[in-house]
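I started from one pair and then moved on to others.

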Amino acid sequence: MSSAPTPDSQLPGAEDEASAFTDLGLRAELLNALSALGYEEPTPIQREAIPPLLAGRDLLGQAATGTGKTAAFALPLLQRMPEGRTGGDPVALVLVPTRELAVQVSEAFHRYGKDLGARVLPIYGGQPIGRQLRALDLGVDVVVATPGRALDHIARGTLRLGELATVVLDEADEMLDMGFAEDIEAILEHAPAQRQTVLFSATMPSRIDGMARQHLSDPVRIQIGREQPVAGETPRVRQSAYIVARAHKPAALGRVLDVESPTAAIVFCRSREEVDRLTETMNGRGYRAEALHGGMSQEQRDRVMGRLRAGTADLLVATDVAARGLDVEQLTHVVNYDVPSAPESYVHRIGRVGRAGREGVAITLAEPREHRMLKTIERVTGQRIAIDKIPTVADLRTRRLELTQAALRESLLEDDLDPFRVIVESLSDEFDLMEVALAAVKLAHEATLPGSADDGEEEIPQVAVRPQREARPGYEGRGGDRRPGGRPRSAGTTQVFIGLGRRAGVRPQDLVGAITGETGINGRDIGSIEIADRFSLVEVPSAVADEVIAGLRGSTIKGRRTTVRRDRDRP
Ligand code: AMP
């Protein structure tokens with residue numbers, strides 16, 4: 001375990017910071033875990049949510065993925081956990097919409113609570129129930145569950161809620177969208193009336209408000225991105241974003257930098273760990289990158305800044321804390337390696353470029369789930385962030401040729417070519433002038449852009465952005481065909497036939513629940529649902545049709561196994 005975290009007040013450039021983790025009242029074990037993870041300061045939602053949650057208050061938070069909301073509820077929950085429990089029923093239940101999130105959230109609990117010995121169990125559909133039964137039997141402190149599977153366990157008597165002190169509804173709007181409203185109500189009925197209830201949602205439609213009114217008692221309300229920056233505060237820079245899976249981020253960053261060819265760029269990361277890791281990766285890929293974070297001494301930081309100013313480094317990888325107050329004239333590009341945790345932080349970061357009439361560029365790499373945070377930032381800044389396609393290998397090749405062409409044009413204009421005339425003249429006896437020029441260009445291209453032979457370059461998969469949630473009149477969760485007022489019928493879908501229909505009591509929510517529970521796909525990716533008397537038809541993206549069919553064949557709907565097959569494909 002590493003040493004206790006350095007208070008931000010001791011970090012250069014952080015003197016003006018409002019609060020550090022140490023000011024929030026968190027215990028040493030948690031502070032140590034945060035320090036080991038390289039978190040330098042709380043995000044705005046953490047700053048606002050942790051103290052009231054520690055005091056046992058209910059909380060209604062509007063915050064999307066990327067704001068640090070998981071730690072905002074996980075840290076207080078871990079701190080409030082009674083010490084030295086062995087066996088026993090859970091003291092906290094976190095409900096999440098998908099199995100992917102169940103795994104992510106329980107991993108976060110493990111990371112933060114490892115020194116406290118917290119026993120955290122994710123339970124979700126699709127995982128063998130036997131393993132979950134054994135773990136529940138041994139005793140757990142925190143259960144992170146999808147509503148359907150949680151209800152299953154409650155009905156079996158294997159998940160007992162009698163000792164719950166806290167219930168968290170995470171991504172509540174998404175859970176309602178997926179039709180989990182009834183399941184959530186049923187679960188909350190089993191929880192003790194005297195409990196802390198926390199609700200996080202990226203949007204606050206009236207149904208969420210109603211839910212909060214019914215289940216939360218005098219909650220603290222927190223909203224990220226509520227404040228409007230003063231007009232003119234947001235710098236005028238070209239802003240764009242790329243949606244990219246985490247695993248492809250280093251490659252995407254390299255590709256974007258190659259195409260943009262900045263004079264100097266600053267890449268913002270969330271934690272020290274990430275700064276160190278990314279600096280190493282980028283150096284390995286041939287960039288001249290330097291790390292800058294709060295764990296470095298003033299002397300080390302000065303050395304880094306010196307190298308950037310002297311042009312011996314062209315990429316600065318930094319945390320917010322370390323970069324506060326920096327003014328580097330050479331900077332042309334700001335890159336957000338992750339979506340910043342609040343719009344204010346985005347405005348701050350991009351303010352590093354585009355000063356004094358110079359053109360600046362701000363680029364954000366967002367994971368698919370963080371797409372909504374981009375929308376929040378756009379709303380607050382009143383400026384558009386264009387979602388661009390990650391440059392392809394062909395784009396990169398074209399760009400590199402353009403750079404060579406520009407260099408050649410410059411050289412032609414410089415008029416210092418005479419010493420080379422003799423070479424061209426003697427070669428021209430033997431070869432066509434065009435051929436000579438081509439060979440010279442090739443040599444110049446390879447010499448000015450080492451590594452420009454792009455043999456090793458692979459295409460980076462483009463990730464589709466999920467459609468924004470829209471007000472859909474008359475839309476009642478998964479309880480209805482979502483076609484009217486829903487998304488337009490999309491290309492590349494497959495209709496899946498399921499041999500159970502209305503007569504078997506099948507409702508749309510049963511089908512959505514079964515599909516999302518048994519596969520990795522999101523409720524929102526499911527298209528139209530038609531329920532006939534004896535069968536149902538569900539539209540899913542063709543790319544996941546096989547997964548859906550296999551998942552449904554291996555599970556039950558309304559307690560019954562049935563025929564599941566591909567009905568028809570729509571190109
Ligand atoms: P979330 O919005 O909860 O999905 O968190 C987004 C990401 O931010 C996760 O990868 C966290 O590990 C990370 N994170 C959360 N809080 C902080 C913090 N205070 N400093 C650095 N990274 C953080």
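**Entry 1**

I kept in mind that the model is a predicted one. The side chain of E290 meets that of R307 in a salt bridge, at 2.5 Å from N to O. E290 belongs to strand β10 (residues 289-292) and R307 to helix α12 (residues 298-310), so the pair ties together parts that are 17 residues apart in sequence. R307, at 31% relative accessibility, counts as partly exposed.

**Entry 2: two further pairs**

I then looked up R238, which forms a salt bridge with E260, the closest N and O atoms being 3.1 Å apart. R238 lies in strand β8 (residues 238-243) and E260 in helix α10 (residues 249-260), so parts 22 residues apart in sequence are tied together. R238 is partly exposed at 39% relative accessible area, whereas E260 is buried at 16%.

Next I noted a salt bridge between K69 and D170, with 3.1 Å between the closest N and O atoms. This pair links distant parts of the chain, 101 residues apart, with K69 in helix α3 (residues 69-79) and D170 in the loop between β5 (166-169) and α7 (172-177). Both K69 and D170 are buried.

**Entry 3: D338**

Finally I found D338 in the loop between β12 (333-336) and α14 (343-350), buried with a relative accessible area of 1%. A polar contact of 3.2 Å joins its side chain to that of K249.

Terms used. Residues numbered from 1 in each chain as written. Predicted model: local features only at pLDDT ≥ 70, side-chain atom pairs only at ≥ 80, totals over all residues. Heavy atoms only, no water. Helix = DSSP H or I, 4+ residues; strand = E, 2+ residues; numbered from the N terminus. Buried < 20%, exposed > 50% of the residue type's maximum accessible area, 1.4 Å probe, protein only. Polar contact = N/O pair within 3.5 Å; in protein donor to acceptor, adjacent residues only side chain to side chain. Salt bridge = Lys/Arg side-chain N within 4 Å of Asp/Glu carboxyl O.
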